[in-house]
Amino acid sequence: MDTIIKDYDFSRIEPYWQSFWEKHKTFRAEDFSEKPPCYLLDMFPYPSGAGLHVGHPEGYTASDILSRYKWALGFNVLHPMGWDAFGLPAEQYAVETGTHPRETTEKNVDNFRRQIKRIGFAIDWDREVNTTDPGYFKWTQWIFLQLFKHGLAYVDEKPVWWCPALGTVLANEEVVDGLSERGGHPVVRRNLRQWVLRITAYADRLLAGLKGIDWPDSTKRQQRAWIGRSEGAEVTFSIKGLPEDKLEIFTTRPDTLFGATYMVLAPEHPLVAKLTLPEHREEVERYIATAASKSDLDRTDLAKVKTGVFSGSYAINPVNDEEIPIWIADYVLMSYGTGAIMAVPAHDVRDNEFARQFELPIVEVVENANQSDNNEVFTGHGKMVNSGAYTGQDSSVVIKKITADLEGSQRGKAAINFKLRDWLFSRQRYWGEPFPIVWVDEAAYFRAKSLPDDGEVADFLPEKPVTYTSEGKIFYALPLPASRLPLKLPETENYQPSGTGESPLANIREWVDVWFNLSTGETTPATDAQPDGGSDASPWVKVRRETNTMPQWAGSCWYHLRYLDPANGEALVGKEIEKYWGTPNQYIGGAEHAVLHLLYARFWHYFLHDIGVVSDPEPYKKLFHQGLIMGEDGEKMSKSRGNVVNPEEVINRYGADSLRLYEMFMGPLQDMKPWNTRGIEGVYRFLKRVWRLFIDRDGAVSAQIQDSTEESPATERLLHETIKKVTEDIENMRFNTAISQMMIFSNHLQKAERFTMQTGKAFLPLLAPFAPHIVEEIWARIGNPSPVSSFPWPNYDPKKIVTEKVKLVFQVNGKYRGDATVEKGLSQEEALKMAQSHQRVANHLTGKEIKKIIYVPGKILNIVVAN
């Protein structure tokens with residue numbers, strides 16, 4: 001630095017060292033190295049217009065501490081950053097203002113990048129990725145083509161939120177209480193053609209794989225529940241008067257079949273219209289229209305009063321041939337199971353509520369020996385009653401017997417069911433990855449399939465064609481070959497919805513309608529003449545492009561792979577590079593992604609492993625969730641509450657090192673904790689004390705530092721204890737206690753008359769991962785020619801930390817507020833200082849007068865304060 005800084009001036013120190021690291025590419029990872037690899041991954045952010053808030057840097061700071069620590073241990077560290085940049089807000093802004101989503105996204109990315117760089121993270125910016133970059137989504141499209149080729153992508157009619165007034169499909173988050181968020185217009189559920197990925201084909205493997213990964217137990221439980229594996233039976237009910245049709249249901253309790261007194265179909269079930277009798281049709285249609293305006297949550301979890309209508313038809317119970325009424329009710333969802341259930345009101349709470357509401361029969365078939373209240377719904381196992389030949393047997397045994405009997409009579413079979421549904425993989429939006437698919441008629445499809453072996457299009461055709469029917473005509477999906485990727489979005493100034501439910505792409509006719517070469521996948525505008533003049537053998541046909549786009553989840557399913565080889569134009573990731581880096585050693589991100597992102601990414605990674613792209617089936621073997629940072633009012637930060645804290649304001653006032661240090665000092669990383677501005681003032685004072693330990697008021701090296709090689713026994717012992725604890729705490733991500741230990745050691749140095757340069761050079765690298773800017777500056781000022789970021793991690797000597805320790809409990813007004821391991825014989829003054837620097841204790845002392853101190857050495861320090 002050109003001029004000597006006498007005081008701790010973070011406003012000059014931090015920009016200087018950030019520029020130094022960027023200029024010298026200090027944290028650039030090598031593609032291959034003799035050093036062991038260490039890959040540390042953060043969940044990359046969606047670059048919103050609001051920019052960062054103080055919750056964002058929490059996880060990034062944790063991974064950055066690990067990154068700098070691993071560099072110091074001699075690892076080749078990959079710590080990248082990128083942007084999950086396709087998203088709904090940019091498109092909404094485009095609809096309102098006409099600003100292209102790309103322009104908005106680029107502006108937001110630039111802001112996020114600038115803000116993140118101000119915090120001083122050890123990121124390899126040469127590996128930055130952006131899901132909206134054509135060089136990136138080329139490979140997102142390529143993965144889709146592979147899924148398509150292997151029969152894991154298909155088209156189906158799926159319900160979406162449709163707003164007639166706006167003429168567009170809405171995302172779940174755009175619907176509030178049955179109305180559009182924009183304009184407050186009524187919305188209804190409407191079936192539209194959607195791409196769907198067959199994630200259910202991997203359900204068993206995704207479930208089994210959870211056993212071998214180091215994830216929080218709560219996250220594993222959520223994934224297991226979402227996959228929802230159930231063993232039971234598929235049972236077939238015939239329909240009175242409709243001998244050609246059957247109702248299929250899945251049940252985990254076939255032993256209760258004799259208690260099935262009615263059936264329920266979801267309003268969307270395909271047989272509803274056929275089995276509804278004329279005298280009930282008007283009521284049923286009215287009910288279906290009402291159900292279409294409800295969300296799945298409204299229909300199930302929040303439905304206190306059950307609703308439904310009788311269809312007029314009856315099903316035949318396969319175990320006793322009794323006729324039971326078929327009802328239509330919205331508490332049954334088409335998206336779960338078969339969209340039909342047998343209702344056993346004596347042994348299912350929801351069925352019981354419905355039966356009582358509509359005065360339907362309730363027949364007990366499993367006896368509860370301990371039941372005293374006849375109105376109680378018994379869902380357990382017991383002796384069978386009212387069950388024909390099975391009466392008197394134990395219900396848990398009858399499950400297998402009755403299933404075998406059903407199979408023998410061809411009315412059912414043993415089955416495994418999953419709560420997991422196939423992944424709805426399309427959106428009716430402009431701002432997303434276009435599908436590399438065109439739609440053709442039957443003749444064109446089979447021509448493409450029969451072309452010579454060198455036909456590029458045919459290389460990606462699945463064994464079974466993907467089709468959809470519109471106005472009685474069948475359309476077939478043909479893929480663009482890999483050589484035609486990326487398929488880019490067309491330029492437009494109109495982002496308004498199509499009005500038909502299709503995406504805004506449907507409005508851009510010159511992009512949608514094209515000539516397509518059935519062999520090579522080449523395209524030209526349909527407004528042009530046929531490229532080869534129109535011979536009978538011509539491979540050119542007019543086609544219509546797919547107008548849906550992929551969901552935001554697509555780009556985030558595989559970004560961890562692109563960081564390994566971001567400039568590769570020939571492959572998603574090079575095989576040797578992928579084998580060198582493998583999967584991330586640590587993945588850090590919010591628990592809110594426990595199911596969707598983490599499950600979808602696992603599915604794609606398993607698939608890529610199956611086709612030989614990656615060497616390991618699991619993408620993230622070790623996962624850590626940082627806790628939320630709440631507002632000072634204890635509520636989740638939001639603009640509407642006015643409790644959002646901007647990290648740049650904190651940096652401007654206290655510096656990036658203070659921000660980093662405070663976010664790690666607030667409490668255990670995994671815990672939820674409130675922001676406290678007074679707390680950051682405390683760590684800022686700590687950094688100023690560290691500065692003064694090494695730099696005097698004239699800007700020279702402090703006279704307290706001696707050139708002697710002999711250190712005092714107490715300082716030497718505490719130094720080695722500190723090295724040991726900080727090392728262990730970083731390994732276990734206990735950053736708050738590592739900082740506490742460094743505060744204890746710095747306080748000790750402050751009270752010591754002198755300490756050796758050797759001691760200072762052992763302490764500073766411990767602090768460097770937490771507060772890198774100030775440490776780099778001090779390190780340079782005390783005469784080190786190379787930056788501290790290139791200095792090896794200090795080692796401790798176990799022989800020098802042997803001492804008698806005791807646990808000291810801290811109390812405030814007699815209540816436990818924390819504890820610490822201390823040396824025997826610690827003075828009351830030293831004990832009080834330790835208590836005041838303890839985060840949990842300090843929270844109860846701030847702004848309060850200390851009235852009395854009760855100290856029992858080696859046991860308790862009780863601080864009495866005025867209320």
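Select Arg190 and Trp162: Arg190 lies over the face of Trp162, at 4.2 Å from the ring centre. A charge is taken to sit over a ring if NZ of Lys or CZ of Arg is within 6 Å of the ring centre and within 35 degrees of the ring normal. Next, select Arg193 and Tyr468, where the charged end of Arg193 sits over the ring, 4.6 Å from its centre.

This is a predicted model, in which local features need pLDDT of at least 70 and side-chain atom pairs count only at pLDDT 80 or more, while totals for chains, interfaces and linings use all residues. Residues are numbered from 1 along each chain as its sequence is written, and side-chain values use heavy atoms, with hydrogens and water left out.

Turn now to the aromatic rings. The structure holds 55 aromatic pairs; rings of Phe, Tyr and Trp (its six-membered ring) pair if their centres lie within 6.5 Å, with planes under 30 degrees apart counted as stacked, over 60 as edge-to-face and the rest as tilted.

Select Tyr69 and Trp793, an edge-to-face pair with 4.9 Å centre to centre and 90° between the planes. Tyr69 belongs to helix H2 (residues 56-72) and Trp793 to the loop between helix H25 (772-781) and strand S32 (805-812), so this pair ties together parts that are 724 residues apart in sequence. Helices (H or I, at least four residues) and strands (E, at least two) are DSSP runs, numbered from the N terminus. Tyr69 is buried, at a relative accessible area of 2%, and Trp793 is buried at 7%. Buried means under 20% relative accessible area, exposed over 50%, and partly exposed in between (1.4 Å probe, protein chains only).

Finally, select Phe745 and Phe763, a tilted pair with 5.3 Å centre to centre and 45° between the planes. Phe745 lies in helix H23 (residues 735-751) and Phe763 in helix H24 (residues 757-767), so the pair ties together parts that are 18 residues apart in sequence. Both Phe745 and Phe763 are buried.
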